[in-house]
Amino acid sequence: MTDEQKLLMQLTGYDDDMHLMNCIWEMDLKMEELRRGYYKKYFRKDLKRAWGFNCYHCGERVQSDKDESYYIVTITWKDPNKQGKRFCSKECADVFYNESMGWLLKKQQEYEIERAQLQKNN
């Protein structure tokens with residue numbers, strides 16, 4: 001925990017347990033945002049000009065004039081204004097989604113372990 005976080009906790013009356021509960025809740029919120037940010041999107045058929053992108057995972061070219069759809073995984077807590085990562089297939093999107101979800105689960109478990117140790121010591 002940084003000095004700024006400790007100072008903020010003192011000023012707001014938070015104790016270590018409340019801070020860890022807040023961190024666990026924050027991980028739950030981020031996991032829910034990740035679930036909602038993973039979806040399939042279809043290219044519009046009325047485009048005047050074709051557009052495309054390279055898959056974030058494998059680099060394959062996806063274009064509106066030859067492909068029907070693509071997948072998006074948006075992580076809003078990092079940058080709410082940033083466009084999500086685009087993928088050519090569900091398989092490629094799943095790799096990124098599973099890595100991100102795994103990281104969040106790992107962090108949540110670390111906070112839960114730390115909180116359990118704190119409660120055991122008190």
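Reply: Start with the largest nonpolar core: of its 25 residues, Leu34, Val73 and Phe87 touch the most other members. A nonpolar core here is a set of buried Ala, Val, Leu, Ile, Met, Phe, Trp, Tyr and Cys residues joined through side-chain atoms within 4.5 Å. Buried means under 20% relative accessible area, exposed means over 50%, and partly exposed lies in between (1.4 Å probe, protein chains only). This is a predicted model, where local features need pLDDT of at least 70 and side-chain atom pairs count only at pLDDT 80 or more, while totals for chains, interfaces and linings use all residues. Residues are numbered from 1 along each chain as its sequence is written, and side-chain values use heavy atoms, with hydrogens and water left out.

The protein chain has three helices and five strands. Helices (H or I, at least four residues) and strands (E, at least two) are DSSP runs, numbered from the N terminus. In order, the elements run α-α-β-β-β-β-β-α. Helix 2 (16-36), strand 4 and helix 3 (90-121) each give two or more residues to the core. Helix 3 supplies the largest share, seven residues. In soluble globular proteins, nonpolar side chains tend to be buried together.

Phe87 is our part. At 0% relative accessibility, Phe87 counts as buried. Which residues does Phe87 touch, not counting those up to four places away in sequence? They are Phe53, Cys55, Tyr56, His57, Tyr70, Tyr71, Val73, Cys92, Ala93 and Phe96. Contact means heavy atoms within 4.5 Å.

One of these partners is Tyr56. The ring centres of Tyr56 and Phe87 are 5.9 Å apart and the planes stand at 80°, so the pair is edge-to-face. Rings of Phe, Tyr and Trp (its six-membered ring) pair if their centres lie within 6.5 Å; planes under 30 degrees apart are stacked, over 60 edge-to-face, the rest tilted. This pair links distant parts of the chain. Tyr56 sits in the loop between strand 2 (52-54) and strand 3 (61-63), Phe87 in strand 5, 31 residues away. Tyr56 is partly exposed, at 49% relative accessibility.

Two strands pair if DSSP finds at least two bridges between them. Strand 4 (residues 69-73) and strand 5 are joined by three bridges, in the antiparallel sense. Val73 stands opposite Lys85 in strand 5.

Next, Phe53. Phe43, Trp51, Phe53 and Tyr70 form one aromatic cluster. Within it, Phe43 and Trp51 make an edge-to-face pair, 5.3 Å centre to centre with 70° between the planes. Phe43 is buried, at 5% relative accessibility. Trp51 is partly exposed, at 30%. The charged end of Arg86 sits over the ring of Phe53, 5.6 Å from its centre. That call needs NZ of Lys or CZ of Arg within 6 Å of the ring centre and within 35 degrees of the ring normal.

Last, Arg61 in strand 3. Arg61 and Phe87 are 26 residues apart in sequence and 9.5 Å apart in space, C-alpha to C-alpha. Leaving aside neighbours within four places in sequence, Arg61 contacts Gly52, Phe53, Asn54, Lys66 and Asp67. Arg61 is partly exposed, at 38%.
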